[in-house]
Amino acid sequence: MQLISGTAVAEKVLEECRRDIAALAAAGMKPGLAVVLVGDDPASRAYVRSKDKKCRDLGLHSVKHELPATTSQAELLALVHELNADPAIHGILVQSPPPPHIDEAAIVRAIDPAKDVDGFHPVNVAKLALEDPAGFVPCTPLGCQRLLMDAGIETRGAEVVVLGRSMIVGKPMALLLMAKGPGGDATVTVAHSRTRDLAAVTRRADILIAAIGRPEFVRAEHVREGAVVIDVGINRVPAPETAKGSKLVGDVAFAEVAPKCRAITPVPGGVGPMTIAMLMANTVKACRQLQAGAVLE
Ligand code: NAP
């Protein structure tokens with residue numbers, strides 16, 4: 001059984017970013033990422049801090065806007081417009097979920113698609129479906145695809161089952177894997193909470209990607225002998241035996257599934273580190289594309 005280390009592959013991605021950042025610096029450019037957080041959700045705050053830190057480690061320009069939970073839709077839109085117009089900012093990310101009074105979809109639509117490094121803007125969703133390489137692909141599925149490619153897992157002709165159909169993970173994951181070319185060309189099935197006889201469906205998979213947000217839901221009975229399993233889930237569960245009193249587990253019951261697998265990702269240390277690495281890569285790409293556009297104008 002091969003343990004696919006997201007930590008190791010993420011480090012490779014970041015090394016590529018460093019090279020690209022050095023090349024951009026030689027052309028007088030520094031990629032800039034703005035992360036906007038509304039409210040004080042502790043998990044979101046931790047994500048925003050780690051994104052900001054990773055940017056600084058890489059030598060990216062990083063701007064963090066931490067706004068109170070009382071921020072209005074109009075104030076948030078005004079900030080997005082300001083960031084759209086800021087030439088030092090190439091990537092904009094509004095941390096999800098915002099407080100309930102904020103219309104998140106409207107905020108996403110207000111972000112300039114050329115700076116939408118999360119890949120959630122409808123223009124980028126369309127570009128992914130159209131297989132336009134200039135578009136931005138959501139970081140988590142992009143990271144999963146990169147993990148498969150780096151681990152030497154052939155997707156061409158493979159039966160892939162994506163468990164979960166969210167716009168953040170499941171749907172873009174399916175689009176990436178069915179696209180033509182390396183890392184794609186798979187036969188993709190998307191399963192969800194309404195899927196009949198789920199275990200029979202997931203057992204067909206050469207590659208099973210679990211993204212449902214249910215701790216250790218995927219058991220040995222869901223997985224074929226010799227399958228590759230990518231566990232996207234990040235779930236905090238009580239663990240009285242630990243000092244913290246809780247621990248992170250994936251959507252896959254690792255201990256019973258791993259022995260059946262040809263390869264599997266752990267949690268933590270699997271998909272998680274890839275998501276942030278791909279965010280850095282998307283920011284560098286945005287900078288490069290905006291610079292190329294500016295040269296053409
Ligand atoms: P989500 O928006 O809640 O979507 C969950 C999907 O799973 C839905 O399509 C849902 O089906 C399906 N589902 C839920 N329970 C199911 C069940 N019992 N059987 C079959 N399908 C079921 O979640 P998400 O944002 O995609 O995130 C999924 C997981 O990935 C979470 O654990 C999240 O923390 C994690 N995540 C990790 C990263 C990372 O960086 N590693 C990034 C993003 C998310 P319906 O559509 O029918 O409701």
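Strand 7 (residues 207–210) and strand 8 (residues 228–231) run parallel to each other and are joined by four bridges. Strands here are DSSP runs of E with at least two residues, helices are runs of H or I with at least four residues, and both are numbered from the N terminus. Two strands are said to pair if DSSP finds at least two bridges between them. The model is a predicted one, in which local features need pLDDT of at least 70 and side-chain atom pairs count only at pLDDT 80 or more, while totals for chains, interfaces and linings use all residues. Residues are numbered from 1 along each chain as its sequence is written, and side-chain values use heavy atoms, with hydrogens and water left out.

L208, in turn, is the bridge partner of V161. The side chains of I207 and I209 point one way from the strand, those of L208 and A210 point the other way, and all of these residues are buried. Buried means under 20% relative accessible area, exposed means over 50%, and partly exposed lies in between (1.4 Å probe, protein chains only).

Stepping back, these strands belong to an open sheet of six strands with parallel pairing, in the order 1-11-8-7-5-6. Strand 1 (2–3) and strand 6 (187–191) form the edges; each has a single partner strand, so one side of each lacks a neighbour in the sheet.

The protein chain as a whole contains ten helices and eleven strands. Its radius of gyration is 19 Å, which agrees with the value near 19 Å for a compact globule of 297 residues; the radius is taken over C-alpha atoms, and the globule rule is 2.2 Å times the number of residues to the power 0.38. Along the principal axes, the C-alpha atoms fill a box of roughly 55 × 45 × 35 Å. Of the 297 residues, 48% count as buried. Among contacts (heavy atoms within 4.5 Å) with a separation of 6 or more, 70% come from residues 24 or more positions apart.

A few loop residues also deserve a visit. H90 sits between helix 3 (73–85) and strand 4 (91–94) and, with a relative accessibility of 4%, counts as buried. Leaving aside residues up to four places away in sequence, H90 touches a set of residues including M29, P31, K115, T283 and L290.

Most residues other than glycine have a negative phi, and most peptide bonds are trans. Against that background, the bond joining S96 and P97 is cis, with omega about -5°; P97 lies in the loop between strand 4 and helix 4 (104–110). The bond from V267 to P268 is cis too, with omega near -5°, and P268 is found in the loop between strand 11 (263–264) and helix 10 (271–296). D197, although not a glycine, has a positive phi of about 45°; D197 is in the loop between strand 6 and helix 8 (198–202) and is exposed, at 53% relative accessible area. E216, also not a glycine, has a positive phi of about 50°. The place of E216 is the loop between strand 7 and strand 8, where E216 counts as partly exposed at 34% relative accessibility.
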